[in-house]
Amino acid sequence: MKIIINSNNLDEKNKEKLSIEIDTLIKRLSKSMNLLNFDGIIISENYSDVVKKFEQDYNISGHGITNEDYAKGGAIIETIIEYGEKHHYIIIDLNLVIIFAYDYNYIENCFDSFEGDCLTYHDLEKLAICLLHHELAHIDEMNKGGNEIHDLLDAADDIVQELVSNISIKVWQEYYACRLSAKSNYILGDLDTLKSCIDIEKRIISNRKKYNKNKLSLDEFVVDFNKSIEIVFKYCAYFHGYGFRYIEEDRSKNILNGLICIKDTRVKEYFIKVGKILNEAFETFPDWETNQMLLDLNLLIISYMNNFHVFTEATNINELCYSIPVFLEGDLSVAD
(Lines give C-alpha, C1' and ligand atoms only; values in the text may rest on other atoms or scores of the structure.)
Protein backbone atom coordinates (compact mmCIF):
# COMPACT_ATOMS: atom_id res chain seq x y z
CA MET A 1 0.00 0.00 0.00
CA LYS A 2 1.37 3.38 -1.05
CA ILE A 3 0.95 6.59 0.92
CA ILE A 4 1.30 9.69 -1.24
CA ILE A 5 1.36 13.13 0.38
CA ASN A 6 0.89 16.15 -1.88
CA SER A 7 1.81 19.26 0.08
CA ASN A 8 4.04 22.27 -0.39
CA ASN A 9 3.58 23.35 3.22
CA LEU A 10 4.75 20.22 5.07
CA ASP A 11 8.48 19.63 5.30
CA GLU A 12 9.93 16.15 4.77
CA LYS A 13 10.14 15.44 8.50
CA ASN A 14 6.44 16.09 9.04
CA LYS A 15 5.50 14.20 5.87
CA GLU A 16 7.40 11.20 7.19
CA LYS A 17 5.68 11.45 10.58
CA LEU A 18 2.26 11.70 8.93
CA SER A 19 3.05 8.73 6.67
CA ILE A 20 4.18 6.54 9.59
CA GLU A 21 1.14 7.43 11.70
CA ILE A 22 -1.29 6.70 8.85
CA ASP A 23 0.46 3.43 7.98
CA THR A 24 0.37 2.28 11.61
CA LEU A 25 -3.30 3.18 11.95
CA ILE A 26 -4.31 1.39 8.76
CA LYS A 27 -2.43 -1.75 9.77
CA ARG A 28 -4.20 -1.75 13.13
CA LEU A 29 -7.64 -1.24 11.62
CA SER A 30 -7.06 -3.76 8.84
CA LYS A 31 -6.84 -6.62 11.34
CA SER A 32 -10.63 -6.66 11.56
CA MET A 33 -11.38 -5.78 7.92
CA ASN A 34 -10.94 -7.16 4.43
CA LEU A 35 -8.76 -4.60 2.65
CA LEU A 36 -7.86 -6.73 -0.36
CA ASN A 37 -6.62 -4.64 -3.30
CA PHE A 38 -6.43 -1.49 -1.21
CA ASP A 39 -3.50 -0.04 -3.13
CA GLY A 40 -2.95 3.35 -1.62
CA ILE A 41 -3.99 6.55 0.05
CA ILE A 42 -3.45 9.99 -1.47
CA ILE A 43 -3.34 12.86 1.02
CA SER A 44 -3.47 16.28 -0.59
CA GLU A 45 -3.93 19.92 0.33
CA ASN A 46 -5.46 20.40 -3.13
CA TYR A 47 -8.18 17.82 -2.55
CA SER A 48 -10.65 18.84 -5.25
CA ASP A 49 -7.98 19.11 -7.98
CA VAL A 50 -6.52 15.70 -7.12
CA VAL A 51 -9.92 13.98 -7.08
CA LYS A 52 -10.92 15.49 -10.42
CA LYS A 53 -7.59 14.58 -12.03
CA PHE A 54 -7.76 11.02 -10.71
CA GLU A 55 -11.27 10.61 -12.12
CA GLN A 56 -10.23 12.07 -15.47
CA ASP A 57 -7.12 9.88 -15.70
CA TYR A 58 -9.10 6.70 -15.01
CA ASN A 59 -12.34 7.76 -16.72
CA ILE A 60 -14.38 7.55 -13.50
CA SER A 61 -17.88 9.03 -13.61
CA GLY A 62 -17.45 11.31 -10.58
CA HIS A 63 -20.10 9.73 -8.34
CA GLY A 64 -22.52 12.58 -9.06
CA ILE A 65 -20.38 14.94 -7.00
CA THR A 66 -20.69 18.63 -7.87
CA ASN A 67 -17.94 21.24 -8.03
CA GLU A 68 -19.38 22.67 -4.82
CA ASP A 69 -19.00 19.27 -3.13
CA TYR A 70 -15.40 18.96 -4.28
CA ALA A 71 -14.60 22.40 -2.92
CA LYS A 72 -15.72 21.36 0.56
CA GLY A 73 -12.91 18.83 0.82
CA GLY A 74 -13.36 15.49 2.52
CA ALA A 75 -12.48 11.91 1.73
CA ILE A 76 -13.54 9.60 -1.05
CA ILE A 77 -13.02 6.02 -2.25
CA GLU A 78 -11.97 5.64 -5.88
CA THR A 79 -12.05 2.20 -7.50
CA ILE A 80 -10.37 1.38 -10.79
CA ILE A 81 -10.34 -1.89 -12.73
CA GLU A 82 -7.09 -3.17 -14.21
CA TYR A 83 -6.84 -6.53 -15.97
CA GLY A 84 -10.25 -7.49 -14.60
CA GLU A 85 -9.29 -6.75 -10.98
CA LYS A 86 -10.57 -3.95 -8.76
CA HIS A 87 -8.09 -1.65 -7.02
CA HIS A 88 -9.18 0.75 -4.28
CA TYR A 89 -7.68 4.12 -3.37
CA ILE A 90 -8.58 6.64 -0.69
CA ILE A 91 -8.15 10.33 -1.50
CA ILE A 92 -8.37 12.53 1.58
CA ASP A 93 -8.02 16.22 2.34
CA LEU A 94 -4.75 16.92 4.15
CA ASN A 95 -6.56 19.15 6.66
CA LEU A 96 -8.51 16.16 7.98
CA VAL A 97 -5.41 14.18 8.98
CA ILE A 98 -2.78 16.89 9.42
CA ILE A 99 -3.03 16.33 13.18
CA PHE A 100 -0.85 13.23 12.69
CA ALA A 101 1.96 15.32 11.22
CA TYR A 102 2.68 17.16 14.46
CA ASP A 103 3.06 16.37 18.12
CA TYR A 104 0.83 17.63 20.91
CA ASN A 105 3.12 20.47 22.00
CA TYR A 106 3.28 21.94 18.51
CA ILE A 107 -0.51 21.96 18.12
CA GLU A 108 -0.97 23.42 21.58
CA ASN A 109 1.31 26.32 20.69
CA CYS A 110 -0.69 27.02 17.52
CA PHE A 111 -3.85 27.86 19.47
CA ASP A 112 -4.44 30.16 22.40
CA SER A 113 -6.80 27.70 24.09
CA PHE A 114 -9.12 24.76 23.58
CA GLU A 115 -11.96 26.27 25.59
CA GLY A 116 -15.61 26.40 24.63
CA ASP A 117 -16.53 24.64 21.41
CA CYS A 118 -12.92 24.25 20.26
CA LEU A 119 -11.64 20.72 19.75
CA THR A 120 -8.67 19.43 21.70
CA TYR A 121 -5.68 17.72 20.12
CA HIS A 122 -7.09 14.34 21.16
CA ASP A 123 -10.51 15.25 19.74
CA LEU A 124 -8.97 16.08 16.37
CA GLU A 125 -6.93 12.89 16.46
CA LYS A 126 -10.04 10.83 17.22
CA LEU A 127 -11.94 12.54 14.44
CA ALA A 128 -9.17 11.74 11.94
CA ILE A 129 -9.15 8.09 13.05
CA CYS A 130 -12.92 7.87 12.62
CA LEU A 131 -12.81 9.37 9.12
CA LEU A 132 -10.11 6.92 8.01
CA HIS A 133 -11.91 4.02 9.68
CA HIS A 134 -15.09 5.02 7.83
CA GLU A 135 -13.40 5.03 4.40
CA LEU A 136 -11.66 1.72 5.08
CA ALA A 137 -15.04 0.26 6.08
CA HIS A 138 -16.34 1.12 2.59
CA ILE A 139 -13.53 -0.96 1.10
CA ASP A 140 -14.30 -3.80 3.52
CA GLU A 141 -17.96 -3.75 2.42
CA MET A 142 -17.05 -3.77 -1.27
CA ASN A 143 -14.66 -6.68 -0.80
CA LYS A 144 -17.07 -8.73 1.28
CA GLY A 145 -20.26 -8.19 -0.68
CA GLY A 146 -19.61 -6.16 -3.81
CA ASN A 147 -20.73 -8.91 -6.18
CA GLU A 148 -23.91 -9.57 -4.23
CA ILE A 149 -24.77 -5.87 -4.28
CA HIS A 150 -24.40 -5.67 -8.05
CA ASP A 151 -26.45 -8.84 -8.48
CA LEU A 152 -29.25 -7.12 -6.59
CA LEU A 153 -28.99 -4.08 -8.84
CA ASP A 154 -28.98 -6.22 -11.98
CA ALA A 155 -32.18 -7.88 -10.78
CA ALA A 156 -34.11 -4.59 -10.92
CA ASP A 157 -37.35 -5.11 -12.88
CA ASP A 158 -37.40 -1.75 -14.65
CA ILE A 159 -35.73 1.64 -14.81
CA VAL A 160 -37.68 2.95 -11.79
CA GLN A 161 -36.47 0.08 -9.62
CA GLU A 162 -32.97 0.63 -10.98
CA LEU A 163 -33.08 4.33 -10.02
CA VAL A 164 -34.37 3.64 -6.51
CA SER A 165 -32.12 0.59 -6.03
CA ASN A 166 -29.10 2.79 -6.73
CA ILE A 167 -30.21 5.05 -3.89
CA SER A 168 -30.90 2.09 -1.59
CA ILE A 169 -27.46 0.62 -2.19
CA LYS A 170 -25.75 3.92 -1.39
CA VAL A 171 -27.84 4.19 1.79
CA TRP A 172 -26.82 0.66 2.78
CA GLN A 173 -23.15 1.34 2.09
CA GLU A 174 -23.25 4.50 4.21
CA TYR A 175 -24.90 2.61 7.07
CA TYR A 176 -22.32 -0.17 6.91
CA ALA A 177 -19.36 2.22 6.99
CA CYS A 178 -20.85 4.26 9.85
CA ARG A 179 -21.72 1.22 11.93
CA LEU A 180 -18.34 -0.44 11.41
CA SER A 181 -16.52 2.74 12.38
CA ALA A 182 -18.96 3.70 15.16
CA LYS A 183 -16.63 2.75 17.99
CA SER A 184 -14.04 5.21 16.65
CA ASN A 185 -16.55 8.05 16.68
CA TYR A 186 -17.38 10.21 19.66
CA ILE A 187 -17.23 13.59 17.96
CA LEU A 188 -19.29 13.57 14.77
CA GLY A 189 -22.66 15.22 15.44
CA ASP A 190 -25.25 12.73 14.29
CA LEU A 191 -28.17 14.79 15.66
CA ASP A 192 -26.96 17.90 13.82
CA THR A 193 -26.64 15.88 10.62
CA LEU A 194 -30.13 14.42 11.00
CA LYS A 195 -31.53 17.90 11.67
CA SER A 196 -30.26 18.91 8.21
CA CYS A 197 -33.18 16.90 6.78
CA ILE A 198 -35.43 19.82 7.75
CA ASP A 199 -33.62 22.23 5.42
CA ILE A 200 -33.36 19.63 2.65
CA GLU A 201 -37.13 19.07 2.72
CA LYS A 202 -37.69 22.84 2.65
CA ARG A 203 -35.52 23.03 -0.47
CA ILE A 204 -37.47 20.20 -2.11
CA ILE A 205 -40.75 22.01 -1.44
CA SER A 206 -39.31 25.33 -2.62
CA ASN A 207 -38.07 23.73 -5.85
CA ARG A 208 -41.42 21.99 -6.25
CA LYS A 209 -43.18 25.36 -6.19
CA LYS A 210 -40.63 26.87 -8.60
CA TYR A 211 -41.19 23.99 -11.01
CA ASN A 212 -44.97 24.48 -10.81
CA LYS A 213 -44.50 28.14 -11.69
CA ASN A 214 -42.08 27.33 -14.56
CA LYS A 215 -39.21 28.95 -12.67
CA LEU A 216 -37.28 25.67 -12.67
CA SER A 217 -36.93 23.21 -15.54
CA LEU A 218 -37.94 19.56 -15.19
CA ASP A 219 -34.32 18.43 -15.56
CA GLU A 220 -33.13 20.86 -12.89
CA PHE A 221 -35.88 19.80 -10.49
CA VAL A 222 -35.38 16.06 -11.03
CA VAL A 223 -31.59 16.14 -10.57
CA ASP A 224 -31.82 18.07 -7.31
CA PHE A 225 -34.85 16.06 -6.13
CA ASN A 226 -33.17 12.68 -6.61
CA LYS A 227 -30.01 13.87 -4.91
CA SER A 228 -32.00 15.30 -2.00
CA ILE A 229 -33.91 12.04 -1.49
CA GLU A 230 -30.63 10.16 -1.42
CA ILE A 231 -29.07 12.55 1.09
CA VAL A 232 -32.05 12.40 3.47
CA PHE A 233 -31.97 8.60 3.59
CA LYS A 234 -28.18 8.63 3.90
CA TYR A 235 -28.47 10.93 6.91
CA CYS A 236 -30.92 8.48 8.49
CA ALA A 237 -28.44 5.67 7.81
CA TYR A 238 -25.62 7.80 9.22
CA PHE A 239 -27.59 8.39 12.42
CA HIS A 240 -28.55 4.75 12.92
CA GLY A 241 -25.08 3.45 12.01
CA TYR A 242 -23.12 5.74 14.29
CA GLY A 243 -25.69 5.07 17.01
CA PHE A 244 -23.90 1.77 17.65
CA ARG A 245 -21.20 3.61 19.51
CA TYR A 246 -23.66 3.60 22.41
CA ILE A 247 -24.76 0.68 24.56
CA GLU A 248 -28.24 -0.60 23.69
CA GLU A 249 -30.12 1.40 26.35
CA ASP A 250 -28.45 4.66 25.36
CA ARG A 251 -28.94 3.84 21.69
CA SER A 252 -32.71 3.62 22.23
CA LYS A 253 -32.66 7.04 23.90
CA ASN A 254 -30.62 8.42 21.02
CA ILE A 255 -33.21 7.17 18.51
CA LEU A 256 -35.97 8.90 20.46
CA ASN A 257 -33.92 12.10 20.40
CA GLY A 258 -33.56 11.64 16.65
CA LEU A 259 -37.33 11.36 16.24
CA ILE A 260 -37.84 14.54 18.25
CA CYS A 261 -35.22 16.27 16.11
CA ILE A 262 -37.12 15.52 12.87
CA LYS A 263 -40.67 15.68 14.27
CA ASP A 264 -41.64 18.36 11.73
CA THR A 265 -40.38 16.47 8.68
CA ARG A 266 -41.90 14.00 6.27
CA VAL A 267 -39.02 11.55 6.74
CA LYS A 268 -39.95 10.95 10.41
CA GLU A 269 -42.54 8.42 9.18
CA TYR A 270 -39.76 6.29 7.67
CA PHE A 271 -36.95 6.88 10.17
CA ILE A 272 -37.49 3.86 12.45
CA LYS A 273 -38.25 1.51 9.55
CA VAL A 274 -35.04 2.50 7.76
CA GLY A 275 -32.98 1.68 10.85
CA LYS A 276 -34.69 -1.69 11.30
CA ILE A 277 -34.17 -2.74 7.67
CA LEU A 278 -30.50 -1.70 7.68
CA ASN A 279 -29.83 -3.36 11.03
CA GLU A 280 -31.27 -6.68 9.81
CA ALA A 281 -29.23 -6.38 6.61
CA PHE A 282 -26.03 -5.77 8.60
CA GLU A 283 -26.62 -8.79 10.83
CA THR A 284 -26.85 -11.14 7.83
CA PHE A 285 -24.30 -9.49 5.51
CA PRO A 286 -22.81 -10.74 3.22
CA ASP A 287 -24.93 -13.90 3.24
CA TRP A 288 -28.09 -12.35 1.85
CA GLU A 289 -30.28 -15.08 0.44
CA THR A 290 -32.75 -12.70 -1.23
CA ASN A 291 -32.98 -9.07 -2.28
CA GLN A 292 -35.72 -8.38 0.29
CA MET A 293 -33.66 -5.73 2.08
CA LEU A 294 -33.32 -3.79 -1.15
CA LEU A 295 -37.00 -4.17 -2.02
CA ASP A 296 -38.12 -3.02 1.45
CA LEU A 297 -35.85 0.02 1.30
CA ASN A 298 -37.00 0.77 -2.24
CA LEU A 299 -40.64 0.84 -1.11
CA LEU A 300 -39.85 3.33 1.64
CA ILE A 301 -37.92 5.59 -0.74
CA ILE A 302 -40.69 5.52 -3.37
CA SER A 303 -43.30 6.29 -0.71
CA TYR A 304 -41.20 9.21 0.53
CA MET A 305 -40.83 10.56 -3.01
CA ASN A 306 -44.61 10.32 -3.48
CA ASN A 307 -45.01 12.32 -0.27
CA PHE A 308 -43.89 15.35 -2.28
CA HIS A 309 -46.41 14.53 -5.03
CA VAL A 310 -43.63 13.30 -7.31
CA PHE A 311 -44.33 9.98 -9.01
CA THR A 312 -42.14 7.83 -11.25
CA GLU A 313 -42.99 5.12 -13.73
CA ALA A 314 -41.37 3.20 -16.56
CA THR A 315 -42.71 3.65 -20.10
CA ASN A 316 -43.32 0.77 -22.50
CA ILE A 317 -39.75 1.17 -23.78
CA ASN A 318 -38.37 1.33 -20.21
CA GLU A 319 -37.71 5.05 -20.15
CA LEU A 320 -38.09 6.93 -16.87
CA CYS A 321 -41.16 9.14 -16.69
CA TYR A 322 -41.91 11.67 -13.91
CA SER A 323 -45.48 12.62 -13.08
CA ILE A 324 -45.64 15.91 -11.16
CA PRO A 325 -49.18 17.29 -10.72
CA VAL A 326 -49.36 21.08 -10.71
CA PHE A 327 -52.31 21.74 -8.42
CA LEU A 328 -51.49 20.58 -4.93
CA GLU A 329 -52.86 21.01 -1.44
CA GLY A 330 -51.39 22.13 1.86
CA ASP A 331 -47.86 23.47 2.11
CA LEU A 332 -47.09 22.38 -1.45
CA SER A 333 -49.76 24.66 -2.85
CA VAL A 334 -48.67 27.03 -5.59
CA ALA A 335 -51.36 29.54 -4.64
CA ASP A 336 -49.26 31.60 -2.24
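These questions and answers go through a predicted model of one protein.

Trainee: How many helices and strands does the protein have?
Mentor: The model is predicted, and the elements are counted along its 336 residues. The secondary structure comes to 6 strands and 12 helices.

Trainee: Among contacts between residues at least 6 apart in sequence, what share joins residues at least 24 apart?
Mentor: A contact here means heavy atoms within 4.5 Å. Among contacts between residues at least 6 apart, the share joining residues at least 24 apart is 73%.

Trainee: Which strands are the edge strands of the open sheet?
Mentor: The sheet has 4 strands in the order 1-2-4-3, with mixed pairing. An edge strand pairs on one side only, and this holds for strand 1 (2-6) and strand 3 (75-82).

Trainee: Which residue of strand 4 is the bridge partner of Ile42?
Mentor: Strand 2 (residues 38-44) and strand 4 (residues 85-93) run parallel and are joined by 6 bridges. In strand 4, the partner of Ile42 is Ile91.

Trainee: Which strands does helix 2 touch where it packs on the sheet?
Mentor: Helix 1 (residues 12-30) also packs on the sheet, touching strand 1 and strand 2, and its direction makes about 145 degrees with that of strand 1. Helix 2 (residues 47-57) makes about 20 degrees with the direction of strand 3. The strands that helix 2 touches are strand 1, strand 2, strand 3 and strand 4.

Trainee: How far apart are the end C-alpha atoms of helix 11?
Mentor: Helix 11 (residues 268-284) has 17 residues, so at 1.5 Å a residue the helix should span 24 Å. The distance in the model agrees with this: 26 Å.

Trainee: Which helices do the buried residues of helix 11 pack against?
Mentor: The buried residues of helix 11 include Tyr270, Phe271, Val274 and Leu278. Their packing partners are helix 7 (159-180), helix 8 (190-212), helix 9 (218-242), helix 10 (248-261) and helix 12 (292-306).

Trainee: What is omega of the cis peptide bond that joins Phe285 and Pro286?
Mentor: Most peptide bonds are trans. Pro286 is found in the loop between helix 11 and helix 12. The bond from Phe285 to Pro286 is cis, with omega at about 5 degrees.

Trainee: Is Asn59 buried or exposed?
Mentor: Asn59 lies in the loop between helix 2 and helix 3 (67-71), and its phi is near 55 degrees, a positive value. The cut-off for exposed is over 50% relative accessible area. At 72% relative accessibility, Asn59 is therefore exposed.

Trainee: What is phi of Asn214?
Mentor: Most residues other than glycine have a negative phi. Asn214 lies in the loop between helix 8 and helix 9 and is exposed, with a relative accessible area of 71%. Its phi is positive, near 60 degrees.

Terms used: Residues numbered from 1 in each chain as written. Predicted model: local features only at pLDDT ≥ 70, side-chain atom pairs only at ≥ 80, totals over all residues. Heavy atoms only, no water. Helix = DSSP H or I, 4+ residues; strand = E, 2+ residues; numbered from the N terminus. Expected span 1.5 Å × (residues − 1). Buried < 20%, exposed > 50% of the residue type's maximum accessible area, 1.4 Å probe, protein only. Pairing = 2+ DSSP bridges. Axes fitted to C-alpha atoms, helices over the stretch in contact; angles between N-to-C directions.
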